[in-house]
Amino acid sequence: MNTLKITINPLDKRSKIRREIYSNFSEHLGRCIYDGIFVGKDSDIPNIEGYRKDVIEAFRQIKLPVLRWPGGCFADEYHWMDGIGELSVRKKMINTNWGGVVEDNSFGTHEFMRFCELVGCEPYISGNVGSGTVEELAKWVEYITFDGISPMADLRKKNGREKPWKLKYLGIGNESWGCGGNMTPEFYCDNYRRYATFCREYSGNKLFKIACGPSADDYNWTDVCMKNIGAWGMQGLSLHYYTVPTGNWEHKGSATEFSEEEYYDTISRTSYIDTLITRHSGIMDRYDPQRKVGLIVDEWGTWYDVEPGTNPGFLYQQNTMRDAIVAAINLNIFNAHSDRVFMANIAQAVNVLQAILLTEGNVTVKTPTYHVFDLYKEHQDAELIYSHVENNTAYGNIPCISHSASIAENGTVTLTLSNCSLDKEFSADIGAAFGEISTADGRILTGEVHALNTFDHPENVTIKPFGVKTENGRAAVVIPPCSVMAVTITLK
């Protein structure tokens, strides 16, 4: 068995790991909203006001901080007034981005905001800049947040909501370099300043405005946005990066049938987000050295070919232990960059891409990725602390162990570890600099790399407790191949 040493230093606090890093993304795409989140009050599926009861409970369990909506590419063809009022009068539209299906707008502003209330998460609305107008977005903000007398507030009250909601996160457009309008960065910046100017802060509501940032390694886009907008008019700049195992968008590879080489290619490609964050952060630092503008990674995750027999426009894919390792690596990277990464939203919540939940009829399956979020939830709002692993490598030069450590207000340390190696097991000796470990407990997710949860076998891959030995102020754990774990440590 391979051995390694892990060192944590609870006195060396680096930055706050904002809870928003553990957020999610929902789009009118495939079965994410309809059948995934919303089934209607008359459904035989157990629901609360039309929302799947099991989905609400699952989101609560992982302390979901923020949910982004209505897209995605859908956001820039969504006109919010079509989704308010009596269902019978709501306009129907064609969802041209995703499958060409009819969108009946039965899930609109009121439904989304209510769902967030039931879950206990913050809403993040992505505004329409591509096909919408400044007036339209301004009125949406007024409709949601104004507590007074105005046409939009009166309309909201007429539609059944007397008091306004609180809306913190507002995205000004989505992927404006692509499906959101195919804009140049200079043109987008001019549009951003117009739209953001008229999105007012009403009735004590404070907006955290997020500009459309780059796709992957488009460093020029970041430079132009920071130069032309900067801290003047935005609190966040988005970044989108998807892990495509083959690097070929025409043939992305199967979610469940893949070779060892394809697996390690996936791990290598997902780890590239560390380089992206480092380089984009460097550009942002030149204009914002105090790091007041957050990097918002509001779309990330794996993207494979759809499951055989499903609608290509619905982006439905299964989820294996490979995805769990991908999720763990990304979350550890976001934690490490928490001085600049203010939020991250995995794509997507239910039934789409690297979904944390899959639904079919009355059954909701928690995917391996969901369980990683469960393992990592204690990092939320804790302080990142120094941690170091004497690492080993797999398949050439890929680091086997990904890790991060944080300390909560009560002094409890959470250490998360993932081992991407498919054949190397490690015996790890954990020590605390300038202190001693008193107690340690562990939870682990592990399995063969192709292992997954199905509707017939929903708990094939699930979290289990595991023993951590403590002796002489140190702790010892065994880290199996293809595993993700969380170790909870108390110090003397």
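**Aromatic rings and other labels**

Guide: Let's start with one aromatic cluster, formed by Phe38, Tyr51, Phe59, Trp69, Phe74, Tyr78, Trp80, Phe107, Phe112, Phe115, Trp140 and Tyr143. Keep in mind that this is a predicted model. Searching the whole structure turns up 25 aromatic pairs.

Visitor: Why is the pair of Phe59 and Phe115 called edge-to-face?

Guide: Rings pair if their centres lie within 6.5 Å, and planes over 60 degrees apart count as edge-to-face. For Phe59 and Phe115 the centres are 6.0 Å apart and the planes sit at 75°, so the pair is edge-to-face.

Visitor: What makes this pair a tie between parts of the chain?

Guide: Phe59 belongs to helix α1 (residues 53-61) and Phe115 to helix α2 (residues 109-119), so the pair ties together parts that are 56 residues apart in sequence.

Visitor: Why does Phe59 count as buried?

Guide: Buried means under 20% relative accessible area. Phe59 comes in at 0%, so buried it is. Phe115 is buried too, with a relative accessible area of 0%.

Visitor: And what makes Trp69 and Trp140 edge-to-face?

Guide: Their ring centres are 6.2 Å apart and their planes are at 70°, so this pair gets the edge-to-face label. Trp69 is in strand β5 (residues 66-69) and Trp140 in helix α3 (residues 134-145), which puts them 71 residues apart. Both Trp69 and Trp140 are buried.

Visitor: Which ring does the charged end of Arg18 sit over?

Guide: That's the ring of Phe342, with the charge 3.6 Å from the ring centre. The distance cut-off for a charge over a ring is 6 Å. Arg322 lies over the face of Phe258, at 3.8 Å from the ring centre.

Visitor: How do you know that strands β1 and β16 pair?

Guide: Pairing takes at least two bridges. Strand β1 (residues 2-16) and strand β16 (residues 383-389) run antiparallel and are joined by 7 bridges. One example is Ile8, whose bridge partner in β16 is Ser387. β16 also pairs with strand β19 (residues 401-407), in the antiparallel sense, over 2 bridges. There, Glu383 has Ile407 of β19 as its bridge partner.

Visitor: Zooming out, why is the chain called as compact as a globular protein of its length?

Guide: The chain has 10 helices and 26 strands. Its radius of gyration is 22 Å, close to the 23 Å that the globule rule gives for 492 residues, so the chain is as compact as a globular protein of that length. Buried residues make up 59% of those 492.

Terms used: Residues numbered from 1 in each chain as written. Predicted model: local features only at pLDDT ≥ 70, side-chain atom pairs only at ≥ 80, totals over all residues. Heavy atoms only, no water. Phe/Tyr/Trp six-rings, centres within 6.5 Å; stacked < 30°, edge-to-face > 60°. Helix = DSSP H or I, 4+ residues; strand = E, 2+ residues; numbered from the N terminus. Buried < 20%, exposed > 50% of the residue type's maximum accessible area, 1.4 Å probe, protein only. Lys NZ or Arg CZ within 6 Å of the ring centre and 35° of its normal. Rg over C-alpha atoms; globule rule 2.2 N^0.38 Å.
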